[in-house]
Structure formats: C-alpha cells, structure tokens
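Dear colleague,

Please find the structure below, together with its sequence.

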Amino acid sequence: MTNDIAGVTKSDVALIIGSDTSEAHPVIAARLKRAAKEGMKLIVIDPKRIKMADYATIYACQRPGTDVAVLNGMMHLIIKNGWEDKEFIAERVEGYEALKAEVEKFTPEYVEQISGIPAKTLEEIAELYGKAPTGALYYAMGITQHTTGVDNVKSTANLQMLCGNMGKVGGGVNPLRGQSNVQGACDMGALPVVYTAYQQVTNAEVKDKYEKFWGCSLNANNGLPMTVAIDKAYDGEMKAFYVMGENPMMSDPDLHHAEAAFKKLEFLVVEDIFMTETAKLAHVILPSSTWPEKIGTFTNTERKVQLLEKAVEPPGEAKDDWAIHQLLANKMGQKWAYTSSREIFEEMAKCTPSYAGINYDRLRNGYGLHWPCPTAEHPGTPVLHIGRFTKGKGTMFAIPFKAPAEVPDAEYPIYLTTGRILQHFHTATMTGKSEGLNRLAGPSVMVSVEDAEAMGIGNSAKVRVTTRRGSIVTNAFVTKKIPKGTAYVPFHFAEAPANVLTNNALDPVAKIPEYKVCACKLEKA
Amino acid sequence: MLITINGKQYEAEAGQTILQVAKKHGLYIPSLCYHEKVGVAGKCRVCVVEVEGMRGLQTSCSVVVREGMTVSTRTEKALQAQKLVVDLLLSSGTHDCLACAQNGKCELQDAAYYLGIERPTLVFSDMAPNCDETSEFVKVDHNKCISCGRCVAACQRTVTNDVIEFGYRGANTEIVFDDGKKMGDSTCVQCGECVQICPVGALTEKKVQGQARYWETEKVKSVCPYCGVGCTMEIHVDRKQNKIVRVNGDEKSPVNEGMLCVKGRFGYDFVGHPDRLTSPLIRNDDGTFRKASWDEALDLVATKLNDIKAKHGPDKIMGLASAKVTNEENYTFQKFMRTVVGTNNVDHCARL
C-alpha cells in the first residue's frame, strides 16, 4: 500500500476492485465498512456480489478479466467531464497525453460491451469518484492474477494520478497483500531479480556492494521466477528445488503439470511444518518452527515492520528456518555464526536502505515502523509519495485492453474464477488443522441460480467442474451473488483443488498466472 | 487542567470524562458498559460519583471534566448507589464464577469485590439455564449477560458485522443475532470481537473452557500468521503445558485496534497439532520416509546440492522462499541461495 491502514477511514470515496475484502482481509474490511456507515462513499466492482457490496454506494458486476476496460472507461469520463486534477497532472505526472489518447475510445457503451457494466452505472461511478476530493483505491489478486496483471496495476495507478489521489492521506494505490510476510519476503530479496530493498542483481554497482558486504563473488544474471522454473523443470532443465514453507503442489496453476515437473527433479528438499502435498514428493524434509515459536519480524501490507515474540517451544527437533539455513551453509563450507534473529536483522538493515533505521529496540518499544525508515531517528513513512514521487515524476501509461488468455466458448461456456474464503488460508496447511474452521467451511463451487436451474441441481448437489486442464467434483453453493455464466471455486482444499483447473498462462512481465479467469463447464455429478 | 478526585489533584485534558481521568491515573471506579473503543454508553449506572456543585449522582463515564472540578467516588451515597446497581445485576442473572472462563478478568466480579458483595440480596430460584452453544467458537450464556451493550456497539460499529442487536424489551431484554436466530445459525462470522469486549462471562470462547485461568497465562505479543494485514495479537500461553490457550487482538495496535478475524483468533490449532514434523526425514527407495538426524539429513542436502552445482551449474537449482516466515529467515534463505549455491534463482509465492 502507498498509504497506511490507519488512514483507511479518512477518504471521501473508496474504490474496491478485485478484492473480496471481507473474506480475504477482514480487518481492513471492518474499517472500510465502518467508514462507509459513517458517510464515506464506497464503490465496489467485482464479478461476484461480495459482502462489501452491501455497504457500497454503487456496486457494479464486471465480467472477469475486464479491469483495464473498466478503469479506462472511468478515466475517459473523468477527462471528458473535466474532473481530473489538472494541477497534479501538470506538476507531478508525465505521459498524460498518451493516456488521454488511449482512453478516448473507451466510451461507456464500448466498456459495457466488454465488461457488462451498464453505461449508466459506469457514468455514476466516474462521477462519484471523479468529483470526490480524495479517493482511495483498494485491490488484491483480482487485479494482479491475470495475463494482463501488470496492465491492470498500471491502470489503477493511472486513475489515482489522474485524480490527484497520490501522496495524500485517504488516497493511494492500496494493494492488499495476501500473506503475513509477503511484503517482507519481497523486501528481503526473495525475488530472482533483486537483492534486499529492490536493488537490481544486474546492476554492477549493486553487485559490487553486495560482494564486499558478503565477502564472496555473486552471480550477475537474473534468476528465474518460480512459475518459469516449474516449466523448465517439466522440460528437464532444472535439477533441484529447495522449498521453504510453501506448498506449490497446491498453489501452482495447472497442478497436473506442476506434479509432473516436481517428479522430474533430481533432488527436492522441503523445509516445512507439516507433510504438505509438496513435501510428499521431497527427497529430504527438514522440520521447521511456526510463528509463535520464534522471534522475528513480519512486514505487513502497509509496509509496517512488526516484531513477533516467542510464545511456545517448537515440537521435537524442529528448528527455526534461519538456524537450518545456517547449519546447511556451514555444511557447505561457510562460517555463518548468527546467534539470534536480532543479529540477522542488524546485518540486513546495513545493506537495506529502507530498513536502515529500524531495530528490535524500536520495534519492542512501539507498534512497528513503516519503511522507508532510513535512520534511527526517522519516524517511518506511513504515506508514500507526499510532495513528489520517489522516482521524481509519476509515469502514466497508455494501456490498451487485452482479453484474458482463455474465455468461454461453446465447449467450455462458463467463466471460472478462484479465490479465498474467510475461514481458510491459502493451501490450508495451517487452517486445515483446525477442526472448528473445517466445520465452518469446506470445498464448494459457487454457481448462479440460472446455471444451477439449467443443470437441474440445488444447493449442496455434487457438481463436476472441468477445464481443458483437469476436472474436480465438489458441492454446489447456489447463490444470487454470482451472475449467470460465472463460477467461483476457493483454492484452499486438497479434496477439490481449484488449481487442477486453472490456466498457467502468465503475464509477460510479472510472470503471474491467470488464476482469476479461465473457461470451464459445469455438469451434474 | 487540574481536577480533584477524593481529595487529591490530578492532571486532566479538556474533553476527557471523569472516568477516563480516573482510569488514566489508576483510580478505580467500578464501571461496566463503558469501553474506550465503543465510547460512552451511560447505561449501567455503576460508575456514579458525586461532583461538587452538581445535583444528585453523576455517571462518571459521561460527565466531561472542567477546570477545578471536585469529585468524590467513595462517599456513602456513591458507594450505596454503586452497590445497589451491582447487587441488582448479580441478582438478575446466574453469575457463578467457579467454572466461568471469565473468572479473573470479569469486570462484574471486580466491582463486586471492590464493593464487598459476597452474595446478591435477591435470589431468583427459578432461573432456567439459557445458553446458546450453537456457534463453533463462541459460547453465549444469556443468564450472565448484563445488557451493557458493549458487544452490540462493537459488532455494529467496530467490526461492523451488524449481527448482534438488543431484542425484546424491559426485563426481557437480551442480545439477539440477526433477527433472533441462534448464534450458530446467524450471519455471524465469528471474529470474536464480542468475546474480547464482553465485561462478564456472557460471551466466552469455547476453546478456553477448563483451560488455564486468565491469571495463569503469560501474555506474549505477536503478529497474526495469516493475511497481510498484520494484526497485532496477544498470545496467552500456558507455560507449564507449552500451549496456546487464547489469542486476543491488541487493543492498542493502530493496525487492528484489537480486532481479529476467525482465523487469527481461533485458528492456532496447527501449532500444537500431532501431525507436526518433529524430525528430519529422508525418502527411502520405496517412496516412504525414515527419520534421520539433522547431521545426516543436512549432509545429504549439502552433498546433493554440491554435486548438482558441480555437474550442471548453480542456475539449475531453484530456491522457493516463503511469505509465511520472518524477514530474517527470508534474508538468510536468499543469502544462502546467492552466496552458497551461487544463483539468483530465488522466489516465493507473491504471485500465487
């Protein structure tokens, strides 16, 4: 998020697009619902009529994979009516003319053809959003998990710059991150192209700095993202995977393909807390500790670094992940000698400018610090881009609309989209161990009333969902909350794994799979 | 500004209520319906005090302080009134503390203790049990409810789930879920905010019943392991058993203001689950696994990685880090891949 969580209630209007907020980020949803009750306007755009729609001033149902068209359509109307922030555009933005030319053709009627959102509704949305003094935009994987993921994200930034909603309290582009430390994992350089704090591995100066810092020579080439490495493993090009605390055998798209890829590896080591679907394929399994068994830090969706204290002892011989890395590094000839996570944090902060001012004492004495926090006196940065963008001028991009990689046809006539439900988390490695949570929610496919009637089925009936990649059988949840021609499957459950069905077509830049749209057929099972 | 409470002067800020000033300075005035998160309710009348120049007793939760105000919380008149209210509340329910999960953090119990009430004066002999145990995680004991309205305000205004309301009227008033459904049949999402804010034993966690008492647990600060919001939590640990018995949201955290969701509050069973991996495992030729020592397992990993690196180069090895482990552990993981294996093939599930 460019903005902080405490500022969520300070907007005049909020736009939620591609986030089932009350299911996936319930505590931020609580703040948004509260603000909406107290007068903030709320716009919700989603293929499902999500719970947040009950609190919305306007809800619009879009076809999956049409975000660029919808956002371009909003910008078309905002520019046409002169609601854009001219001063902000003149002073802080480049690329406006190209954007303006691109959105010219996205008339409400054209957008209606693509997205299914009635022209009149789009006009109401654009007016409410365009005229508001401060608007915040929230999204989650509904924006990013597309072959046009990067285009979608750029479009959200276009809109926020157009309306002058950047660098102020109550505004911002606010991606809601899905895992406790996904922000931190990125910040720490657990990415193939960057060291910590997004320092490029291909930049000679950066490489030089790290070579001195770590006292060794480093690889100058970009590494592979996981989605590409899996494909290469399938082709026999990758030889070994070391997987820590992840379960790609549930979370990867097109699981049959992923399984074949994993089975071709010469060596697979998995470091985890349970015998996951991925661990079952491993040659060696290393037992690690869970969150309350260790001291360390997480960085949340608003870039806030927070400290975890140790509450219980890990079972048996399970060890903290960092301790395992150290033992292994030393087996391979290194002389690592960390005695605590605190020492690791201190080393990391020395090579990570945005974390340089953060330390355990500051975290223990308060409620976390937002990066960038460059010095020990710096209070942290709850809102980014105040006064100027980090890079100078903000860039607007002209983004044409592209259809998803796979859309419904005669054989597979239904849109399939996937996501989370409140009671479970990701591949359910953790939540699936709670009998209570399991009793509250299990596998299902959300089916529209019309499609259920066409199949002659009622609630809880068994339904077979089939795509070009695979097939699952699960229980129907027949509801008016989803439109005719769309089905939704949560991806948590090994009994009915949604990712057997999903398409592994990738965004060309981010290499993110298109989990949110593919074509399926539904049959009574 | 300065005000006087029970003959001593205390610093106060404009806009604060008498109760807020007293709380800030560690002075106890019994109170039940007030909670700083849901604000002034002025319902229970337990917090009455005498204020010089004002007629009758005043509810300290709703009277805003003025410069030079003189307050007495322990005059005979104030204590009698406080005692009467608490006595009546005790009389109108079944406030048995022995097996109550709230024992030790019950604000009604605290008030009764402060006022020296051993037993209620009036006793209704025909009060039938009235528990709703239909919810997966929350036990509702209507006979312990004092109708303070904190859960109603929290559900409507804090977490904004709009499930709990007051139903019926007068002496029959009770909290209802949706339009009078059992809690388990209602649209309640079981975030547990009502449990955390309930001053008595009316709304308690099912999971803590019979577990370590409130005062026996150590409270440890942590951050939720699930989504990216990063709710700050207080883990209540039974040290003797090395076991988590309760998780509360941290009321002072600017991230979540005490709120949690059903996963964060109740979904910690995996930590002490019998299926946890407890020793390194090595795959046998037939596909089964055998236990191994750390030394043996890590020797094997080191040998294999070294062999593959020597034979095929470091870029044929991929490391998948984790969005569920700490920053420190992601740092050591990528450092391992980059400096020991010698590849930038490091990624995690940010896209997945």
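**Confidence and findings**

Chain B has a mean pLDDT of 96, with 100% of its residues at 70 or more. Please bear in mind that this is a predicted model. For the complex, the predictor gives an ipTM of 0.96 and a pTM of 0.96.

I begin with the contact between the chains. On one side, 97 residues of chain B take part, and they are in contact with 118 residues of chain A. The greatest contribution to the side of chain B that touches chain A comes from helix H8 (residues 327-341) of chain B, which supplies 13 residues.

Strand E9 (residues 284-287) of chain A is joined to strand E14 (residues 281-283) of chain B by 2 bridges, in the antiparallel sense. Within this pairing, Ile285(A) has Leu281(B) of E14(B) opposite.

Helix H15 (residues 321-331) of chain A deserves a separate paragraph. Because 8 of its 11 residues are buried, helix H15 of chain A is largely enclosed by the rest of the structure. The buried residues of H15(A) are Asp321(A), Trp322(A), Ala323(A), Ile324(A), His325(A), Gln326(A), Leu328(A) and Ala329(A). Their packing partners come from both chains: strand E7 (240-244), strand E8 (267-272), E9 and helix H16 (341-351) in chain A, and helix H7 (294-312) and H8 in chain B. After H15(A) comes Gly333(A), which has a positive phi, near 95°.

Finally, chain A contains an open sheet of 5 strands, ordered E3-E2-E1-E5-E6 and paired in parallel. Strand E3 (58-60) and strand E6 (173-175) of chain A are at the edges with a single partner strand each, and therefore one side of each has no neighbour in the sheet. On average, neighbouring strands of this sheet are turned by 15° against each other, direction ignored. Within the sheet, strand E1 (residues 13-17) and strand E5 (residues 135-139) of chain A pair in the parallel sense through 4 bridges, and Leu15(A) stands opposite Leu137(A) in E5(A). Helix H9 (residues 149-162) of chain A lies across E5 and E6 of chain A, at about 175° to E5(A).

With kind regards

Methods. Residues are numbered from 1 along each chain as its sequence is written. Chains are lettered from A and ligands numbered from 1 in the order in which they are written. This is a predicted model: local features need pLDDT of at least 70, side-chain atom pairs count only at pLDDT 80 or more; totals for chains, interfaces and linings use all residues. Two residues are in contact if their C-beta atoms, placed from the backbone, lie within 7 Å. Two strands pair if DSSP finds at least two bridges between them. A residue is buried if 20 or more other C-beta atoms lie within 10 Å of its own, exposed if 12 or fewer, and partly exposed in between; C-beta atoms are placed from the backbone. Axes are lines fitted to C-alpha atoms, for helices over the stretch in contact, and angles run from 0 to 180 degrees between N-to-C directions. pLDDT is the predictor's confidence in each residue, from 0 to 100.
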